[in-house]
Amino acid sequence: MAGTDNGIAIDKDGAEDLAGLEAGLDALDSVQVGRTPLRETLIRKVVPPVTAVALVLVVWQLLVWAEVAPAYKLASPSDVWGEVREAWLQGTLLDYIWTSVSRGLLGFLLALAIGTPLGLLVARVKFVRAAVGPILSGLQSLPSVAWVPPAVLWLGLNNSMMYAVILLGAVPSIANGLVAGVDQIPPLFLRAGRTLGATGLREAWHIVMPGALPGYLAGLKQGWAFSWRSLMAAEIIASSPDLGVGLGQLLENGRNNSSMPQVFLAIFLILLVGIAVDLLFFSPLERRVLRRRGLLVAR
Amino acid sequence: MATTTATTATDATDAADAAAVTYAARVEHVSKSFPAPGTSGGRQLVLDDITLDVAPGEFVTLLGASGCGKSTLLNLVAGLDLPSAGSIRTDGRPALTFQEHALFPWLTAGGNIELALRLRGVPKSERRREAERLLDLVRLRGAYGKRVHELSGGMRQRVALARALAQDSRLLLMDEPFAALDAITRDVLHDELTRVWRETGVSVLFVTHNVREAVRLAQRVVLLSSRPGRIARQWTVGLPHPRRIEDTAVAELSVQITEELRGEIRRHGRH
Ligand SMILES: Nc1ncnc2c1ncn2[C@@H]1O[C@H](COP(=O)(O)OP(=O)(O)O)[C@@H](O)[C@H]1O
Ligand SMILES: [Mg+2]
C-alpha cells in the first residue's frame, strides 16, 4: 500500500508539520488554572466571618447593658469567658470536649463502615434498592432523638447506647449520600469502565466509588452533623456518673445548677466542635475533590 | 440482500483474502431490535441482518445517517449489549472510544491510562513507563500529570485514544470520536489516528456520519442504510496514505458516496 520509500519520506515531513500544528492547537485551547494568593483568600474568606462574630458579641454586650433580661437568664460575655477560664484552669475544658468528640468520631467511623457498603448495595442491587431504599430515606427524616428512649431500654445507660443512637442517625445519611452520588455518575463512565474490563468489585472500587465521591462526601458531611446532634441528644437525656462529663452532660448540669454561663459555655463548645470539624476537615476535602475535577468555579 | 460491493481505484487490497483465514471481528447475520416506544410489546428493528468482517490490521469506517444504528452495532461488537439474532466474534476484547472522551475526571491523563493498564493486569512497576510511552505515541509527552479539565478537546480525544490503546486490543472501535471537534483539530487528529494505526497495526472499526472523514481514513467504507440498518454498499479505498482531506481523489469518492447516501435517505421520504 502506502509503504513506498517516497510515501514514508513525505510522511516524515508531514509529521513535523503536524506536530507543530498540534502543539499550536494544544496551547491555544488548553485551560490555564491559577490559584488565588493566600493574602486574598484571607481577606475574602476569613475577614467576613470574624466581623460577623465580633458584631454578635457587640450586640450581645449591648443587650446585657440594656438589661433586656435578668442576669440569671442572660449571662454576659465576660461571665461566659470567666466560665471558660475556670474550666481551662481546672483542666476540665479539654476533658469535656474530648469525651464528646472521641465518642462522636468513633461513632461516625462505625457509621462510615456500615453506611458505605450498605449504600453501595442499595445503589447497585435493584432488589435491595426496592426493599431498603424507601426505609433508608424515611429513617433520614426521623429525628434521631427518638432513638434515645429505646436505646436506653435496649442497652442501658452506657457508651453502647450512645453509639447505637449515633449509628441510627448517621448511617442513613451516609448511605443515602452514596446512593445519590452513584445515581449521578454519568452512564458513559460506567460503559467506559466496562470496556476497560472493570466489573464487579473492581468496577465498584475504580469507577463507582470515585465517580460517586462528590455525593458521598456530601453524605459524610451530613452524616457527621447527624452523628454530632444524635450524640448531644443522647448525652443530655441519658446522663449517668459512669459516662463521664461530655458537652451534653455539661449543658444538662448547667441547667440543673441554674448556671447560665455554664449553659452558654456548653452550647458554644458544641457549636464550635461542629463548625471546626466542618471547616478543618470536610470543607477542605470537598474543595480538593471538586478542584481536582475542575468542578470548582472560582468566584 | 442490499449488499453490493464496488471497488474504486487501483488497490483491491489483500484484506478480503486475509479475512478468509482470520479476522479481528466477524459479524454474521446480526439483527437487533429494541422495544418500540409508545407501543406495548411492539419492537423496533434497528439492525437487520448485518454481516461484516474486519480483517486484522484493517481500517474500516462505518458510515450512515444519524440514528441508523451505528452506535448500536458498535456496542454489540464491544460486547456491551447482545444481538437479537446472529453472532459476533472478536479476536479478544475490543477497545472502545466514544464521541465524548469519557476520560475519568478523578484521574490525571496518565492515571486514566494506568487504570486501563492495571485492569489489563500490567504490573505496577511497568505502568508508569508504558503510560508515558502511549502518551508519547499520541504526542502528549508533557500531559502525564494533567487533569482532564486542563486539556483541550483534541488533547482529550488523544488521551482517550492512548487509553484505548493501553488495552492492547487487536481491535479498536471508535464511535464518532472527532464529531465534537472543530475542523482543524479534527483534521490533525485524522493524521494522528492514521499514523498510530500504521505504527501499531491495530484493526479499526470507525463510526462516522461524515463522508469525507470516512474516505480520508479508511481502507474500506461500509454504508449503512436507515430503518432498519442494513449494509447498503461498500467501497474499498485504495488511495495511499498519508491522505489529505482536500485531495481530489478523496473528494471524488466522497461525492460518489454522498450521492448514494442521499439516495438512501430519499428512499425514506417516498414511503
Ligand atoms: N437502548 C435503546 N433502547 C431503545 N432504542 C434504542 C436504544 N439504543 C438505540 N435505540 C434506537 O436505535 C436507533 C439507532 O440508534 P444509534 O445506534 O444510536 O444510531 P446512530 O449511532 O447511528 O446515530 C435509534 O432510533 C434509537 O432510538
Ligand atoms: Mg451514534
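Predicted model: local features only at pLDDT ≥ 70, side-chain atom pairs only at ≥ 80, totals over all residues.

Student: Fine. Which residues are around ligand 1?

Tutor: They are Phe34(B), Gln44(B), Val46(B), Ala65(B), Ser66(B), Gly67(B), Cys68(B), Gly69(B), Lys70(B), Ser71(B) and Thr72(B).

Student: How does the shell divide into nonpolar, polar and charged?

Tutor: Four nonpolar, six polar and one charged.

Student: And which element supplies the largest share?

Tutor: That is α2(B), with three residues. Both β3 (43-54) and α2 (70-78) of chain B supply at least two residues of the shell.

Student: Which polar side-chain atoms lie by an oxygen atom of ligand 1?

Tutor: Thr72(B) has one at 2.5 Å from a ligand oxygen. Gln44(B) has one at 3.5 Å from an oxygen of ligand 1.

Student: What about the backbone of Gly67(B)?

Tutor: A backbone N or O atom of Gly67(B) lies 2.7 Å from an oxygen atom of ligand 1.

Student: How much of the ligand's accessible area does the protein cover?

Tutor: 60% of the 560 Å² that ligand 1 has on its own.

Student: New topic. Is strand β8 of chain B mostly covered or mostly open?

Tutor: Mostly covered. β8(B) spans residues 203-208, and six of its six residues are buried.

Student: Which residues sit on each side of β8(B)?

Tutor: Ser203(B), Leu205(B) and Val207(B) are on one side. Val204(B), Phe206(B) and Thr208(B) are on the other. Both faces are covered. In a regular strand, side chains alternate between the two faces of the sheet.

Student: Which strands pair with β8(B)?

Tutor: β4 (residues 59-63) of chain B is joined to β8(B) by five bridges, running parallel. β7 (residues 171-175) of chain B also pairs with β8(B) in the parallel sense, over five bridges.

Student: What stands opposite what?

Tutor: Leu63(B) stands opposite Thr208(B). Asp175(B) stands opposite Val207(B).

Student: What handedness does the β-α-β unit with β7(B) and β8(B) have?

Tutor: Right-handed; its helix is α6 (residues 183-200) of chain B.

Student: Over to chain A. Where is Asp95(A)?

Tutor: In helix α4 (residues 93-124) of chain A.

Student: How far apart are the C-alpha atoms of Asp95(A) and Val245(A)?

Tutor: They are separated by 7.8 Å, with the two residues 150 apart along the chain.

Key
Residues numbered from 1 in each chain as written. Chains lettered and ligands numbered in written order. Heavy atoms only, no water. Near = heavy atom within 4 Å. Polar contact = N/O pair within 3.5 Å; in protein donor to acceptor, adjacent residues only side chain to side chain. Areas by Shrake-Rupley, 256 points an atom, 1.4 Å probe, with all protein chains shown as cover. Helix = DSSP H or I, 4+ residues; strand = E, 2+ residues; numbered from the N terminus. Nonpolar A, V, L, I, M, F, W, Y, C, P; charged D, E, K, R; others polar. Buried < 20%, exposed > 50% of the residue type's maximum accessible area, 1.4 Å probe, protein only. Pairing = 2+ DSSP bridges. Right-handed = clockwise from strand over helix to strand, strands pointing away.
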